[in-house]
Amino acid sequence: MDYKTYMCVICGWIYEEEQGLPEAGIAPGTRWEDVPPNFTCPECGAGKEDFEMIEI
């Protein structure tokens with residue numbers, strides 16, 4: 001299973017599907033498309049549309 005990584009283009013915060021964001025109720029392994037549409041960056045508050053997939 002290939003997990004992807006998404007980066008906030010505003011501040012550089014990283015969302016890793018494999019890790020999820022348990023403190024925000026997003027379980028490890030949660031795909032980006034399954035993250036709620038009202039998700040905001042925990043660092044800067046940017047919206048989900050301000051993230052792009054990156055290769056690590």
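Me: What is the strand order in the open sheet, and is the pairing parallel or antiparallel?
Reply: The three strands of this open sheet run in the order β2-β1-β3, with antiparallel pairing, where two strands pair if DSSP finds at least two bridges between them, and strands are DSSP runs (E, at least two residues) numbered from the N terminus. This is a predicted model, in which local features need pLDDT of at least 70 and side-chain atom pairs count only at pLDDT 80 or more, while totals for chains, interfaces and linings use all residues. Residues are numbered from 1 along each chain as its sequence is written, and side-chain values use heavy atoms, with hydrogens and water left out.

Me: Which strands stand at the edges?
Reply: Those are β2 (14-16) and β3 (51-54), and because each has a single partner strand, one side of each is left without a neighbour in the sheet.

Me: How many bridges join β1 to β2?
Reply: Strand β1 (residues 5-8) is joined to β2 by three bridges, and the two run antiparallel; Thr-5 stands opposite Glu-16 in β2.

Me: Switching to cysteines, how many disulfides does a search of the whole structure find?
Reply: The search finds zero disulfides, a disulfide being a pair of cysteine sulfur atoms within 2.5 Å.

Me: Is Cys-41 buried or exposed?
Reply: Cys-41 counts as buried, at 4% relative accessibility, whereas Cys-11, at 38%, counts as partly exposed; buried means under 20% relative accessible area, exposed over 50%, and partly exposed in between (1.4 Å probe, protein chains only).

How values were computed:
Helices (H or I, at least four residues) and strands (E, at least two) are DSSP runs, numbered from the N terminus.
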